[in-house]
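Student: I have a new model open and would like to learn how to read its features. Could you walk me through it?

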Amino acid sequence: MRFLVWTGVALLVLAGLVVLVGWLLPATREGRAETVIAAPPARIVAVIADVAAQPGWRDGIAAVERTGDGWVEVTARGERISFVTEEMGETRIRLRFASDAGYSGSWEAVLVPEGDGTRIAVVERAGVPSPLGRILARLFFDPEAFATTYLAALKARVEGS
C-alpha cells in the first residue's frame with residue numbers, strides 16, 4: 001500500500017514539474033526562411049492564392065475546404081487549420097490561422113523583385129497557450145524547418161509550372 005501512495009505522489013510531482021516547465025516556456029514561436037524564385041511576384045502570389053491546388057504540391061495537406069471568409073487546410077493527420085487573408089498583394093501577403101490542435105498565429109510573406117526573379121521571405125508566428133502543448137510543440141515541430149520546406153515546395157511549384 002505504501003508503494004502505491006509514494007508512486008502516486010511521485011506521479012503528481014512529475015506532472016506538476018511538466019506543467020511548470022510548460023508555463024516557463026514562451027507561448028509564441030517563430031519560424032523564418034527566405035529564397036529566390038525565378039518568377040515575378042504576381043506569379044508567386046497566384047500560386048499561393050490558389051489554395052485549392054495546394055494539396056497537389058504541399059506534403060502533409062490532404063484537402064482544402066473553402067469557407068465564407070477564407071479556407072481550412074486539412075492535414076494528413078486530420079488536423080484542421082483555418083486561414084483568413086488579411087492582405088494579398090504583390091509585395092506582401094498576411095494571413096491569420098487557428099488550428100483545432102490548440103494553437104493560432106500569423107503568416108507573412110514579403111516579396112521583393114530581384115534580377116529576373118523574386119526574393120520571398122516568410123515569417124510564421126504561432127502561439128500555444130497550453131503548457132503541455134508548448135512542450136510538445138518544441139519536441140515535435142520546428143517552425144524554421146517548416147518555413148524552409150514550404151518555400152522549397154513553393155519554389156518547385158512556381159518554377160516547374
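Student: Which residue caps the N-terminal end of α4?

Tutor: First, a word on the source: this is a predicted model, where local features need pLDDT of at least 70, side-chain atom pairs count only at pLDDT 80 or more, and totals for chains, interfaces and linings use all residues. Residues are numbered from 1 along each chain as its sequence is written, and side-chain values use heavy atoms, with hydrogens and water left out. Helices (H or I, at least four residues) and strands (E, at least two) are DSSP runs, numbered from the N terminus. The cap is D142, with a side-chain oxygen 3.1 Å from the backbone nitrogen of E144.

Student: Which residues of α4 are buried?

Tutor: An α-helix has 3.6 residues a turn, so residues three or four places apart point the same way. Buried means under 20% relative accessible area, exposed over 50%, partly exposed in between (1.4 Å probe, protein chains only). In α4, P143, A147, Y150, L151, A153, L154 and V158 are buried. They cover an arc of only 165 degrees around the axis (taken from the directions from the helix axis to the C-beta atoms), which puts them on the same side of α4. On the other side, T149, A156 and G160 are exposed.

Student: What covers the buried residues of α4?

Tutor: The cover includes β1, α2, β6 and β7, judged by contact, meaning heavy atoms within 4.5 Å.

Student: How many residues does the largest nonpolar core have?

Tutor: In soluble globular proteins, nonpolar side chains tend to be buried together. A nonpolar core is a set of buried Ala, Val, Leu, Ile, Met, Phe, Trp, Tyr and Cys residues joined through side-chain atoms within 4.5 Å. Here the largest has 27 residues, and α4 gives the most, with six.

Methods
Polar contact = N/O pair within 3.5 Å; in protein donor to acceptor, adjacent residues only side chain to side chain.
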